[in-house]
Amino acid sequence: MKKVLIVMGSDSDVPQIEAAWAVLGELGIEYEVRVASAHRTPDVVHSIATSARGDGFGVVIAGAGIAAHLAGVFASLTTLPVVALPIPGGHLGGVDALLSSVQMPPGVPIASVGIGGAKNAGLFAAAILGASDAGVAERLEAYRKSMQAKVIAADARVRVEAKSAKK
Ligand code: RP5
């Protein structure tokens, strides 16, 4: 099974990205986590990105904040799909990181989840692996079924609560 590589620009990003590896763990998907900065440790980013495919990774999640360029730089160094996670924070609350992710110039695209969308980044990475891995696709399907069951149970509970409030 291909693994997910999760890279973040700073260890200060951990609280905003750990939900990505939590959900990958729930789905039984292997992952590795690295701290590497496109502007502070560019050589490390270069080394991780250029060896990622050979190291068994099938998709990359790149989380960074402020004028985030980690995902774009990473994508310039590998043809693996890269999912940007704009980290909230800084003077603009993450809008700068979001725009620098979704407004990539043509030629080297990246996908992006929303600001602070760590869980979605993990789920989207799983969907990418699931496109060619039936086991991952099955576990993702089961995950969605369990979400559906929770919403259906919540619907029943809230309907009853609302009815009894009327009396
Ligand atoms: C970005 O700058 C990092 O991804 C982080 O979100 C932000 C601040 O980094 P620190 O100054 O906390 O290391 O590169």
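Trainee: In which loop does Isoleucine 66 lie?
Mentor: This is a predicted model, in which local features need pLDDT of at least 70 and side-chain atom pairs count only at pLDDT 80 or more, while totals for chains, interfaces and linings use all residues. Residues are numbered from 1 along each chain as its sequence is written, and side-chain values use heavy atoms, with hydrogens and water left out. Elements are DSSP runs numbered from the N terminus, helices being H or I of at least four residues and strands E of at least two. On that basis, Isoleucine 66 lies in the loop between S3 and H3.

Trainee: What is the phi of Isoleucine 66?
Mentor: Most residues other than glycine have a negative phi. Isoleucine 66 is not a glycine, although its phi is positive, at about 60°.

Trainee: In what order do the elements of the chain run from the N terminus on?
Mentor: The chain has 6 helices and 5 strands. From the N terminus on, these run β-α-β-α-β-α-β-α-β-α-α.

Trainee: Which residues closest to the centre line the largest pocket?
Mentor: On a 1 Å grid over the protein atoms alone, a pocket is an open set of points with protein on both sides within 12 Å along at least five of seven lines, a cavity is a set where a 1.4 Å probe fits but cannot get out, and lining residues have an atom within 4 Å of a point. Grid points are joined across faces, edges and corners, and a volume is the space filled by probe spheres set on the points. The largest pocket has a volume of about 280 Å³. Of its 19 lining residues, the closest to the centre are Ser10, Asp13, Ala64, Gly65 and Ile66.

Trainee: How do the residues of the lining of the largest pocket divide by class?
Mentor: Ala, Val, Leu, Ile, Met, Phe, Trp, Tyr, Cys and Pro count as nonpolar, Asp, Glu, Lys and Arg as charged, and the others, Gly among them, as polar. The lining of the largest pocket divides into 8 nonpolar, 9 polar and 2 charged.

Trainee: Which element gives the most to the lining of the largest cavity?
Mentor: The count comes to 1 cavity of 30 Å³ or more, and about 40 Å³ of space lies in the largest cavity. Its lining includes Ala62, Gly63, Ala64, Leu70 and Ser101. Two or more lining residues come from each of strand S3 (57-65), helix H3 (70-77) and strand S4 (82-87). The most, 3 residues, come from S3.

Trainee: What orientation does H2 have to H3?
Mentor: Axes are lines fitted to C-alpha atoms, for helices over the stretch in contact, and angles run from 0 to 180 degrees between N-to-C directions. Angles under 35 degrees count as roughly parallel, over 145 as roughly antiparallel, 65 to 115 as roughly perpendicular and the rest as oblique. The axes of helix H2 (residues 42-51) and H3 come within 8 Å and cross at roughly 50°. H2 and H3 are therefore oblique.

Trainee: Which residues in H3 meet H2?
Mentor: Contact means heavy atoms within 4.5 Å. From H2, the partners are Val45, His46, Ile48, Ala49 and Thr50, and these meet, in H3, Leu70, Val73, Phe74 and Leu77.

Trainee: Is the crossing of H1 and H5 left-handed or right-handed?
Mentor: Helix H1 (residues 14-26) and H5 pack at an angle of about 35°, with their axes 6 Å apart. A crossing is left-handed if the near helix is turned anticlockwise from the far one by less than a right angle, and right-handed if clockwise. The crossing of H1 and H5 is right-handed.

Trainee: What is the handedness of the crossing of H5 and H6?
Mentor: Helix H5 (residues 118-130) and helix H6 (residues 134-166) pack at about 140°, with their axes 8 Å apart. They are therefore oblique to each other. The crossing of H5 and H6 is left-handed.
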